[in-house]
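Please look over the chain shown below before reading on.

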Amino acid sequence: MKKQPIEYYLNLMELSDHALRPSSYNEILWRLSMKALLSFLSITLLMSFLLIGCVPEIKNGNKSDMRIEGVQEADTKEDFQAIVVNKDETSVTVSTKGQKYILVTREIDYAAEAGDKVKVWTTGQYEESNPIQGEAIKIEIIN
């Protein structure tokens, strides 16, 4: 085997070192654009997962039945019996089992007066307050 001069090995080392470095301006731009693209895709994926967790809860596939903060469904029954405590033009206050309800009475006609025992139908949504507030859809007097 023939011995090579030291210049030959130095030249090989220089070529291999050069091969590890980017050879052109375009290659540098390409590498930077790939890093930027990967960063953008990573951030987009992360934000997608975060936003999916922030979607309001929908019941039974009905988009118009979204939960509203400060409003709760108190009972699955749509009606209950109570005694009328107070009545005015736009609302009625009723009491049942020690719990008072102030119910808005828009567009319903009823003849109950204070002290009457009534059956009340509501929308089923009540504001978290004391007394509980909601909306009546029907009120009828019980004999």
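The points that follow go from the whole chain to single residues.

This is a predicted model, in which local features need pLDDT of at least 70 and side-chain atom pairs count only at pLDDT 80 or more, while totals for chains, interfaces and linings use all residues. Residues are numbered from 1 along each chain as its sequence is written, and side-chain values use heavy atoms, with hydrogens and water left out.

**Overall make-up**

- The chain has 2 helices and 6 strands, in the order α-α-β-β-β-β-β-β along the sequence; helices (H or I, at least four residues) and strands (E, at least two) are DSSP runs, numbered from the N terminus.
- Of the 143 residues, 17% count as buried, where buried means under 20% relative accessible area, exposed over 50% and partly exposed in between (1.4 Å probe, protein chains only).
- Among contacts (heavy atoms within 4.5 Å) between residues at least 6 apart in sequence, 48% join residues at least 24 apart.
- The accessible surface of the chain, computed by the Shrake-Rupley method with a 1.4 Å probe, comes to about 11,700 Å², and 57% of this belongs to carbon and sulfur atoms.

**Strand β3 and its partners**

- Strands count as paired if DSSP finds at least two bridges between them; β2 (residues 79-87) is joined to β3 by 4 bridges and runs antiparallel to β3, the two forming a hairpin with 3 residues between them.
- On the other pairing, 6 bridges join β3 to the antiparallel strand β4 (residues 99-104), and this hairpin has 2 residues between its strands, with Lys97 in the turn showing a positive phi of about 50°.
- Because 5 of its 6 residues are buried, β3 is largely enclosed by the rest of the structure.
- Thr93, which lies in β3 (residues 91-96), is buried at a relative accessible area of 14%; Ile102 in β4 is the bridge partner of Thr93.
- Leaving aside neighbours within four places in sequence, Thr93 is in contact with residues including Val84, Val85 and Tyr101.

**Salt bridges**

- The structure holds 2 salt bridges, each defined by a side-chain nitrogen of Lys or Arg within 4 Å of a carboxyl oxygen of Asp or Glu.
- In one, the side chains of Glu113 and Lys87 meet at 3.4 Å, N to O; Glu113 lies in the loop between β4 and β5 (117-127) and Lys87 in strand β2, so the pair ties together parts that are 26 residues apart in sequence.
- Lys87, whose bridge partner in β3 is Val92, is partly exposed at 30% relative accessible area, and Glu113 is partly exposed at 45%.
- The side chains of Glu140 and Lys138 also meet in a salt bridge, at 3.7 Å, N to O, with Glu140 partly exposed at 35% and Lys138 partly exposed at 40%.
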